[in-house]
Amino acid sequence: MTSFSELGSPSPGSTAWRALLALAVVFILLATTGWTAVKSHRGAPDALSASISAWRHGSLGGRALPDPYGSPRTLGRWLDSLTTAQTGRLVRRYPLAVGNLNGAPVDLRYRANRVALTRARADERKRMHDTRLTPLGRSDAARRMHRYEDLLITGRQILSFDPSGAGRAAEVFGDLAHANRVSIVVPGVDTDILTFQKTGRPYTATVGMARALYENQRADAPDAKTAVIAWADYTSPAGIGMDAATGKLAAQGAVRLRALVDALPSLSRVSLMCHSYGSVVCGVAARDLPPKVTDIAVAGSPGMRADRVSDLGTSARVWAMRDSGDWIQDIPHLEFGGLGHGADPVSSGFGARVLSADGADGHAGYFEPGTTSLDNFARVGIGAVQSVSCGNGDDCTAGLR
């Protein structure tokens, strides 16, 4: 990528001058294309950190608890050695810690997150009637309380939950513990606990995207052991501004994404389905992902913080798609002084396998049922890569076996 020092002082007509003008266009376009700002929830102290701290100082049977950020395999073996009564005690004492513990059996995480959600719902119900809060604060509490009620509906499998700040969550569709094909949906900007799912335009939110992908995969391969994770478990940029134009939050999200992948069953094959700023997260994470990640597919990408596929440092196949009506195509694809996210993933010079996005209808429509874009995501996820529909006249299946 071009650095500031390489460009020198900008003068009219210079590369630096053109780059600065392009970045100005970036911010103008961001301001007019729906990346609207939302305010983070500023309430209780960091509940997850408090639970992790309590875990670190806790004990079971007179022995200290293991490092919550230790090896997932080591944590898994330790938890498997416990009795039902002992794991139940951990869930009651440290529900947020257990619910976010990479390496814990998924059923245990689901159970712990139900406890954490139940407690969080009770807290928000109290805040709804707290006269010390402004009407806006009480309204925010009501919205959160109803969101937690939704997440507590019987049958939902909440893999992670954190009520702190704007809130984070991840949900599983399918049998993750026994899946041999796992797809992870990584969403873009303005993703938090309140936008995790939507009633109107459901397939533009993380839950709707993942559910549609899972149902399409089941239709394409009903006998396959598949699972899809709706992964809104990183802090995404809140609307326009520097966070959306830089890789800071992507780097933090990449650490969390790698930790999730490392904790998945070693024999599973993993595909990342990355939308918008989520593709920046996937690009940053790519270099350190294990070989079990066989495919990275991006849609509506502002860039992956790389000039070409080889710069990603991954053995995974890299796929890219963009609808002809997606406004993201008007964003200059460059990186200058830390701003911007690099080359356009659907450009021929980048080297990704270009997929058709027929039917996607703009930036937020890639997971709409009935679209070629969703079907392509599904086929990549189940490993049927030779049957995908290519885009832009690209021979995207060349060399595949």
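This report walks through a predicted model of one protein chain, from its overall make-up to a few single residues.

## Ground rules

Because the model is predicted, local features need pLDDT of at least 70 and side-chain atom pairs count only at pLDDT 80 or more, while totals for chains, interfaces and linings use all residues. Residues are numbered from 1 along each chain as its sequence is written, and side-chain values use heavy atoms, with hydrogens and water left out.

## The chain as a whole

Let's begin with the overall picture. The chain holds 13 helices and ten strands; these are DSSP runs, with helices being H or I of at least four residues and strands being E of at least two, numbered from the N terminus. Of the 401 residues, 54% are buried. Here buried means under 20% relative accessible area, exposed means over 50%, and partly exposed lies in between, with a 1.4 Å probe and protein chains only.

Among contacts with a separation of 6 or more, 69% are between residues 24 or more positions apart.

## The eight-stranded sheet

Next comes the sheet. Eight strands form an open sheet with mixed pairing, in the order β3-β4-β6-β5-β7-β8-β9-β10. The edges belong to β3 and β10, each with a single partner strand, so one side of each has no neighbour in the sheet. Two strands count as paired if DSSP finds at least two bridges between them.

Strand β3 (residues 157-162) runs antiparallel to β4, and five bridges join them. Aspartate 162 stands opposite arginine 168 in β4. The hairpin of β3 and β4 has five residues between the strands, and there glycine 165 takes a positive phi near 60 degrees. Strand β4 (residues 168-174) is mostly covered, with six of its seven residues buried. On to β6 (residues 226-232): six bridges join this strand to β4, and the two run antiparallel. Glycine 174 has alanine 227 in β6 as its bridge partner. Alanine 320 stands opposite valine 354 in β10.

Helix α9 lies across β4, β5 (181-186), β6 and β7 (269-275), and runs at about 170 degrees to β6. Axes are lines fitted to C-alpha atoms, for helices over the stretch in contact, and angles run from 0 to 180 degrees between N-to-C directions.

Helix α9 (residues 206-220) also meets helix α13 (residues 372-382): their axes come within 9 Å and cross at roughly 65 degrees. The two helices are therefore roughly perpendicular to each other, a label for angles of 65 to 115 degrees, with those under 35 degrees called roughly parallel, over 145 roughly antiparallel and the rest oblique. On the α9 side, the contact is made by Ala212, Leu213, Asn216, Gln217 and Asp220, and on the α13 side by Leu374, Asp375, Phe377, Ala378, Arg379, Gly381 and Ile382. These contact residues divide into six nonpolar, three polar and three charged. In this grouping, Ala, Val, Leu, Ile, Met, Phe, Trp, Tyr, Cys and Pro are nonpolar, Asp, Glu, Lys and Arg are charged, and the others, Gly among them, are polar.

## An enclosed helix

Helix α12 (residues 277-285) is largely enclosed by the rest of the structure, because eight of its nine residues are buried. Those buried residues are Tyr277, Gly278, Ser279, Val280, Val281, Cys282, Gly283 and Ala285. They pack against β5, α10 (242-245), α11 (248-263), β7 and β8 (293-299).

## Residues worth a look

Histidine 275 lies in strand β7 and is buried, with a relative accessible area of 8%. Leaving aside neighbours within four places in sequence, histidine 275 is in contact with Val186, Pro187, Gly188, Met209, Ala299, His363, Ala364, Tyr366 and Phe367. Its C-alpha atom is separated by 9.7 Å from that of threonine 206, 69 residues apart along the chain.

Two further residues can be found in exposed spots. Aspartate 361 sits in the loop between β10 (353-354) and α13, and is exposed at 69% relative accessible area. Although not a glycine, aspartate 361 has a positive phi of about 60 degrees. Asparagine 392 belongs to the segment after α13 and is exposed at 67% relative accessibility. Asparagine 392 has a positive phi of about 60 degrees too, although it is not a glycine.

Definitions and conventions. Contact means heavy atoms within 4.5 Å.
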